[in-house]
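Colleague: I have not looked at this one before. Can you walk me through it?
Modeller: Here it is.
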Amino acid sequence: MASSLVSPSPISSFIGNKKSLGSSAFPSTSQIAIQRCKKQVSKKIVSVMAPQQSERKPATTGSVKTGMTMTEKILARASEKPQLTPGDNVWVNVDILMTHDVCGPGSIGIFKKEFGENAKVWDREKVVIIPDHYIFTSDERANRNVDILRDFCTEQNIKYFYDIKDLGNFKANPDYKGVCHVALAQEGHCRPGEVLLGTDSHTCTAGAFGQFATGIGNTDAGFVLGTGKLLLKVPPTLRFVMDGEMPPYLLAKDLILQIIGEISVAGATYKSMEFVGTTVESLNMEERMTLCNMVVEAGGKNGVVPADSTTFKYLEDKTSLPYEPVYSDAQASFLSEYRFDISKLEPLVAKPHSPDNRALARECKDVKIDRVYIGSCTGGKTEDFLAAAKLFLASGKKVKVPTFLVPATQKVWLDLYTLPVPGSGGKTMSQIFEEAGCDTPASPSCGACLGGPKDTYARMNEPKVCVSTTNRNFPGRMGHKEGQIYLASPYTAAASALTGYVTDPREFLHNKRRSPNSVCRLDRSARLTAPTVVRLASKDRGVFLAVTWRLTLLRRAFEN
Amino acid sequence: MAASLSHASYSATFISSASKVTVSQPSRFSPSFKASTFSPLTVKPLNSTFTPHARRAVTTIMRATSTPSSIPSDTSTKTFHGLCYVVGDNIDTDQIIPAEYLTLVPSNPAEYEKLGSYALIGLPSSYAMRFIEPNESKTKYSIVIGGANFGCGSSREHAPVALGAAGAKAVVAESYARIFFRNSVATGEVYPLESEVRICEECRTGDVENRDDSISVKVKCRVCIRGALYSCFMNLYQVCSS
């Protein structure tokens with residue numbers, strides 16, 4: 001796959017400025033990282049990445065049709081243009097506009113002021129309104145904001161409004177979903193090749209479906225409500241190639257933390273981030289969503305993962321609307337390309353107070369923590385809870401600190417209570433969490449990821465140290481200004497809950513080989529010795545005895 | 001007023017030779033957008049005289065480097081004088097306006113004012129001088145001077161709105177996060193100006209600034225700090241196209 005680079009535009013990243021023209025001198029990523037951000041990049045981590053490729057090719061004239069990246073193609077189609085180049089400003093037709101209870105009222109206010117009190121939205125089926133941020137609170141203004149959304153949806157006859165009225169019992173609200181980005185995916189609003197805009201920075205999550213999805217403010221949203229279009233500048237694309245089999249102790253969160261730590265919180269500003277490679281192809285949809293979710297933490301405009309059979313399968317039972325995926329051309333120009341050998345990566349955390357303050361989880365094992373939070377669009381999906389449950393199951397122990405579980409949506413909450421966890425003998429995640437001593441899963445919403453009103457469940461109201469599966473850890477993010485937040489994968493969060501310190505999940509996951517689900521292999525040529533004494537949890541002991549007994553029988557048969 | 005500027009830039013700035021951008025769409029967008037306290041933006045030649053008003057005065061003069069003929073020019077000039085509040089790098093939206101205040105709806109006038117009273121309240125206590133004094137609802141600092149990646153984090157438009165509602169007129173930062181920049185221009189609450197050097201390291205909170213508000217397509221302004229000259233420029237082309 002050929003990848004060439006555009007000549008840097010003035011607004012392009014520092015990477016463009018630092019390129020040397022000679023083919024021999026490729027600036028190493030660590031040098032570039034240091035030039036822009038003051039943080040030193042650990043050499044141990046840099047070694048798993050190939051040096052960033054920088055090549056210069058002469059700019060082609062406008063009449064020559066060059067290949068386009070996925071993002072360029074999506075925007076070209078949405079703006080009805082045959083060819084686009086990064087830097088072009090185009091009017092883009094919007095397929096879906098999403099808003100929620102925090103930014104919705106403001107957007108509605110601007111829409112009415114600019115288009116008129118009696119104006120109608122451009123398409124009542126393309127506006128999706130999802131209350132999710134400040135729901136289960138007694139804050140009057142927060143509750144009023146949901147009422148404002150309801151009034152607007154009634155007046156406009158909005159087709160997709162995931163309403164909530166009974167705050168005391170979320171299950172009593174059949175329409176209510178929860179966290180907007182997870183709800184959009186679960187309800188089939190994310191489709192390959194489309195343009196999805198939302199009044200939330202993590203709208204980029206939907207890029208996992210091979211579409212262009214980005215966050216906008218109230219004013220832009222107000223404009224889209226009226227016209228169904230927005231002026232957007234075509235971003236250049238950074239390509240991240242991840243190859244190799246995903247180790248059993250890593251999750252997509254570790255991958256994106258690795259990337260953000262490498263390019264810094266402004267490394268992808270105004271750019272698109274494209275994720276390709278065999279590792280990405282092996283990720284399920286929710287893992288891909290986690291990857292794209294934190295694109296904004298690197299400053300990225302949008303993230304994309306090419307749609308494939310995994311995507312199509314996921315969408316099968318969720319949408320009947322036709323869609324047409326697009327893919328980057330072989331001759332497309334990328335601003336930079338980063339390559340990863342996944343097998344060499346280790347579990348990571350982002351230390352306070354920045355998502356790019358990357359560190360190895362095992363190097364933070366002396367950091368004592370006060371609580372663990374598993375939730376949000378980043379780390380509160382079914383797959384995230386499944387991962388945490390698997391780790392708790394593998395350890396069989398109880399947590400040492402309060403562990404808060406906030407499922408992203410009603411559907412996730414239901415999965416916690418119904419889906420059997422592989423290798424557990426039919427237990428559900430909720431049972432495993434209960435046995436491990438975690439808090440009861442809370443009502444689905446954004447919860448304490450962004451603090452919120454003072455009575456929000458799991459909000460950090462005192463200076464505490466928290467390991468969290470959320471997306472930001474700037475000062476005061478979860479409530480208290482002096483709170484310390486370590487961003488981590490669900491594996492790392494669960495492991496940390498079990499020890500009371502920031503913990504590498506391999507402390508618990510390497511025991512997987514001894515789990516009841518694993519196969520005992522008999523090597524005929526090997527001498528059958530007495531079984532090794534292993535400390536097992538009581539539930540494993542029964543299986544262990546059965547296996548030992550079978551080994552004894554086999555040995556006798558063999559000897560005879 | 002300021003937002004009508006951004007409206008003007010929709011129609012004027014992006015009619016470039018390279019791409020045919022049809023700008024008939026924004027005609028439904030009423031030009032009488034939120035009235036702000038900004039004065040009309042002007043073009044001014046560089047070598048106008050200026051006198052430092054105080055020993056530590058910072059003077060800003062702006063001029064146009066290239067003015068497409070489609071942009072109307074206004075020859076009246078305006079001087080703007082105010083205190084500056086200096087912050088560091090990566091000031092994210094949670095520091096500009098913490099999430100607990102987002103229940104305030106910016107398009108509601110009373111809540112708009114209240115939002116302003118909480119601007120930059122999320123800054124850590126290491127910032128001894130606060131942007132807004134306790135028991136006050138407006139700031140005495142009209143210019144915020146920032147470092148790199150100002151406004152990173154959330155897409156919440158409450159961030160530039162809070163700064164504007166508090167009384168800030170402009171931000172001069174080394175670089176911006178894209179959604180904050182775009183929101184600043186869309187609302188017209190604060191002018192996001194970009195500096196070529198790290199002014200946040202040269203200035204201290206409380207420095208007095210003079211500045212002329214003259215902005216055209218690509219404007220070069222010079223910031224004079226204690227005799228030294230720094231350049232800062234506002235790339236209006238970046239406006240609305242992030």
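Modeller: One term to begin with: two strands pair if DSSP finds at least two bridges between them. Also, this is a predicted model.

Colleague: What is the mean pLDDT of chain A?
Modeller: The mean is 85, and 79% of the residues of chain A reach 70 or more.

Colleague: Where does pLDDT stay under 50?
Modeller: Residues 1-47 of chain A are one such stretch, and the model has 79 contacts beyond four places in sequence for them. Residues 511-548 of chain A are another, with 23 contacts of that kind.

Colleague: On to strands. Which strand does E8(A) join through 5 bridges?
Modeller: That is E9(A), residues 272-276, and the two run parallel. Within this pairing, Phe240(A) has Phe275(A) as its bridge partner.

Colleague: And what does E8(A) pair with over 6 bridges?
Modeller: E11(A), residues 336-341, again in the parallel sense. There Phe240(A) stands opposite Tyr338(A).

Colleague: Which helix goes with E8(A) and E9(A) in the β-α-β unit?
Modeller: Helix H9(A), residues 252-263, and the unit is right-handed.

Colleague: Why is E8(A) described as largely enclosed?
Modeller: Because 6 of the 7 residues of this strand, 237-243, are buried, the rest of the structure largely encloses E8(A).

Colleague: Switching to helix H17(A): how many of its residues are buried?
Modeller: 9 of the 10 in residues 490-499, so H17(A) is also largely enclosed by the rest of the structure. Among the buried ones are Pro490(A), Tyr491(A) and Leu498(A).

Colleague: What follows H17(A)?
Modeller: Gly500(A), with a positive phi near 85 degrees.

How values were computed: Residues numbered from 1 in each chain as written. Chains lettered and ligands numbered in written order. Predicted model: local features only at pLDDT ≥ 70, side-chain atom pairs only at ≥ 80, totals over all residues. Heavy atoms only, no water. Buried < 20%, exposed > 50% of the residue type's maximum accessible area, 1.4 Å probe, protein only. Helix = DSSP H or I, 4+ residues; strand = E, 2+ residues; numbered from the N terminus. pLDDT = per-residue confidence, 0-100. Contact = heavy atoms within 4.5 Å. Right-handed = clockwise from strand over helix to strand, strands pointing away.
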